[in-house]
Amino acid sequence: MNKDDEKLLQYYLELKGPSAGEWNSSPQCIHTQLVTREYVKKTFDIFDEIQVCNCWYRNWRLGRYLGYWLKGRGGLTSIDIDESICEIFEYRQQRERHPNPSKVLCRSIFDFDLPQEAFDIVTIIRSAINETGNFKKCLDSCFSIIKHGGYLMFMASLKYTPVEMLEEYISNTKNHIVQKNVYEVLPEYPFFISKIRK
């Protein structure tokens with residue numbers, strides 16, 4: 001086993017380890033993943049040369065799915081600040097021979113040299129915003145990389161991010177919420193997903 005394979009194996013093992021295993025194996029986590037993927041599939045159209053960005057911050061499952069969803073018709077970029085996670089994700093795509101791998105940028109969403117108005121769709125989940133520590137600034141940065149007429153897909157737990165928090169932010173911008181779905185099938189982890197047009 002080479003060094004990269006060892007790192008990848010360690011990463012897989014940590015997903016089932018004491019700090020993350022319980023959540024990663026939970027019905028709530030699996031339900032959230034399935035619903036989010038289905039939302040992408042039903043809500044967004046694919047067209048030739050579409051450009052999608054996953055503001056990742058360890059949300060590699062969605063990034064991996066987006067690559068398959070695009071079916072080679074467009075490009076996918078994943079942004080994460082953690083260098084080791086970026087390296088593992090790049091290697092994993094190569095190792096698994098992903099048919100439409102993501103271009104991985106090891107950057108902060110706040111970096112000024114990110115491509116401005118370059119993406120048709122940007123996806124972000126609330127935990128990524130939690131890691132940045134600034135709700136408004138993070139969403140401002142996401143919108144700065146979206147093309148005019150493009151979309152932000154925002155997903156968040158209702159326990160930590162009331163819908164009203166997003167609505168208040170949007171009311172002070174030129175962007176507007178096109179669609180907002182609330183999911184409360186599992187009451188211990190209610191969440192919502194919004195499609196927001198720039």
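The following dialogue explains how to read several features of this predicted model.

Q: What kind of model is this, and how are residues numbered?
A: This is a predicted model, in which local features need pLDDT of at least 70 and side-chain atom pairs count only at pLDDT 80 or more, while totals for chains, interfaces and linings use all residues. Residues are numbered from 1 along each chain as its sequence is written, and side-chain values use heavy atoms, with hydrogens and water left out.

Q: How many helices and strands does the protein chain have?
A: Helices (H or I, at least four residues) and strands (E, at least two) are DSSP runs, numbered from the N terminus. In the protein chain there are 8 helices and 7 strands. The radius of gyration, taken over C-alpha atoms, is compared with a globule rule of 2.2 Å times the number of residues to the power 0.38. For the protein chain the radius is 17 Å, close to the 16 Å that the rule gives for 198 residues, so the chain is as compact as a globular protein of that length. The C-alpha trace spans about 55 × 40 × 30 Å along its principal axes.

Q: What percentage of the residues of the protein chain count as buried?
A: Buried means under 20% relative accessible area, exposed over 50%, and partly exposed in between (1.4 Å probe, protein chains only). By this scale, 51% of the 198 residues are buried. Helix 4 (residues 60–70) is mostly covered, with 9 of its 11 residues buried. Among them are Trp 60, Tyr 65 and Trp 69.

Q: What percentage of the contacts joins residues 24 or more positions apart?
A: Contact means heavy atoms within 4.5 Å. Of the contacts in the protein chain with a separation of 6 or more, 72% are between residues 24 or more positions apart.

Q: Where are the centres of the positive and negative side chains relative to each other?
A: Lys and Arg count as positive and Asp and Glu as negative, without His and the chain ends; the place of a charge is NZ of Lys, CZ of Arg, CG of Asp or CD of Glu. The protein chain has 26 positive and 26 negative side chains, and the centres of the two sets lie 4 Å apart.

Q: How many aromatic pairs are there?
A: Rings of Phe, Tyr and Trp (its six-membered ring) pair if their centres lie within 6.5 Å; planes under 30 degrees apart count as stacked, over 60 as edge-to-face and the rest as tilted. The count comes to 8 aromatic pairs. One of these is edge-to-face between Phe 44 and Tyr 151, at 6.1 Å centre to centre with 65° between the planes. Phe 44 lies in the loop between helix 3 (27–43) and strand 1 (51–55), and Tyr 151 in strand 5 (residues 146–157), so the pair ties together parts that are 107 residues apart in sequence. Phe 44 is buried, at 5% relative accessibility.

Q: Which distant parts of the chain does the pair of Phe 135 and Phe 154 link?
A: Phe 135 and Phe 154 form an edge-to-face pair, 6.1 Å centre to centre and with 90° between the planes. Phe 135 belongs to helix 7 (residues 135–144) and Phe 154 to strand 5, 19 residues apart. Both Phe 135 and Phe 154 are buried. Ring pairs also link these two residues with Phe 143, Tyr 169 and Phe 192 into a cluster.

Q: Which residues is Thr 161 in contact with, leaving aside its neighbours within four places in sequence?
A: Thr 161 is in contact with Arg 126, Phe 135, Phe 154, Ala 156 and Phe 192. Thr 161 sits in the loop between strand 5 and helix 8 (163–171), and its relative accessible area of 0% makes it buried.
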